[in-house]
Amino acid sequence: MTDLEIVLITGMSGSGKSVALHALEDAGYYCVDNLPPELLEDFVRLQHAHHGKRVAIAIDARSATSLPNLPRELEKLQRLKASGLHMHVVFLDASTATLVRRFSETRRRHPLSQSEGPDGRQDLVQIIERERELLGDIREYAHVIDTSNIRGAQLQSYIKALLKAPTNQMTLVFQSFGFKHGIPVDADYVFDVRMLPNPYYDAELRPLSGKDEPVQHFLRQQPDVGAMQTHIAQFLDHWLPVLNANHRSYVTVAVGCTGGQHRSVYLVEQLALRYQAQWSTLRRHREMDSRALAQTPSH
């Protein structure tokens, strides 16, 4: 049999699964939406037998009654790795406030909604929290992407970058963010660096970012910045081998400053450089990536 790459997209309703599937379809994947979990293993075997190469599958709360079976189905697929199956499991998440706003804007009905309340519908927040609980076990199997503060084009870019990471080793995702825009819910570890000297208060450095040499030079001269970088690295040096031994596929390390432009970006770049020789490593700059897309002219 030929190798078969499977991308399983799951997560919260309204978190961007349709956007992710479109990105995968554009990348040449055969996409199936809303596949019942109990059909997953048979479908994968069928694709493998017919020499399929790249398949993307969406499974979510629309299959609510059979969702509890999905972790068991994923464990079955893990046994097929030796026969050439490579699998990415991606869980799209977002804050409850973001999901409520998206449903309100689109006027779509949540797949778990029922006409039970006195006004003919359940409270949307309660429905979302029930879905979050329903998907909790599946989330533990996946690489989580928080879509609360990212654009559709950003999500597509993150999905495509993730697929380039090898499936046979743990992948580190280093992400910068700004606390004033909210803490990413996809982070396994969050480091707050707002106490460090801030290049923002230098008029010449303010429009630059942590990727630019003048900002990097400024931060390299600050003893506390070096100490913070060392302490984060010491923490990761100790725990990454443990996580890898525990069969973790993805670990997301988020570094936050006030605006997500200078200090957090610099430290993410430095940490990614340190670990890229040892681990599969991805970099994301949530606020900077969003601004770059906003400034891209549409055609």
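## A tour of salt bridges and ring contacts

Start by selecting Asp93: at 3% relative accessibility, this residue counts as buried. Keep in mind as you go that the model is predicted.

The side chains of Asp93 and Arg139 meet in a salt bridge, 3.1 Å from N to O. Asp93 lies in strand S4 (residues 85–93) and Arg139 in helix H6 (residues 136–139), so the pair ties together parts that are 46 residues apart in sequence. Arg139 is partly exposed, at 25% relative accessibility.

Next, select Arg248 and Asp188. They form a salt bridge, with the closest N and O atoms 2.9 Å apart. This pair also links distant parts of the chain, 60 residues apart. Arg248 is in the loop between helix H9 (223–245) and strand S8 (250–257). Asp188 is in the loop between strand S6 (171–178) and strand S7 (189–192). Both ends are partly exposed: Arg248 has a relative accessible area of 27%, and Asp188 is at 35%.

Then select Lys17, Asp33, Asp60 and Arg62 together. Salt bridges that share partners join these four into one network.

Move to helix H2 (residues 40–49) and pick out Glu41 and Arg45. Their salt bridge has its closest N and O atoms 3.2 Å apart. The two residues are four apart in the helix, which means about one helical turn separates them. Glu41 is buried, with a relative accessible area of 17%, whereas Arg45 is partly exposed at 43%. In total, the model has 16 salt bridges.

Switch to the aromatic rings. The model has five aromatic pairs. Phe177 and Phe179 are both buried.

Go on to Tyr200 and Tyr201. Their ring centres are 5.5 Å apart and their planes stand at 90 degrees, so this pair is edge-to-face. Tyr200 is partly exposed, with a relative accessible area of 40%. Tyr201 counts as exposed, at 67%.

What sits over the ring of Tyr200? It is the charged end of Arg206, 4.4 Å from the ring centre. For another such contact, select Tyr29 and Arg54. Here the charged end of Arg54 sits over the Tyr29 ring, 4.7 Å from its centre.

For the last stop, select Tyr189, Phe191 and Phe235. These three form one aromatic cluster.

Notes: Residues numbered from 1 in each chain as written. Predicted model: local features only at pLDDT ≥ 70, side-chain atom pairs only at ≥ 80, totals over all residues. Heavy atoms only, no water. Phe/Tyr/Trp six-rings, centres within 6.5 Å; stacked < 30°, edge-to-face > 60°. Buried < 20%, exposed > 50% of the residue type's maximum accessible area, 1.4 Å probe, protein only. Lys NZ or Arg CZ within 6 Å of the ring centre and 35° of its normal.
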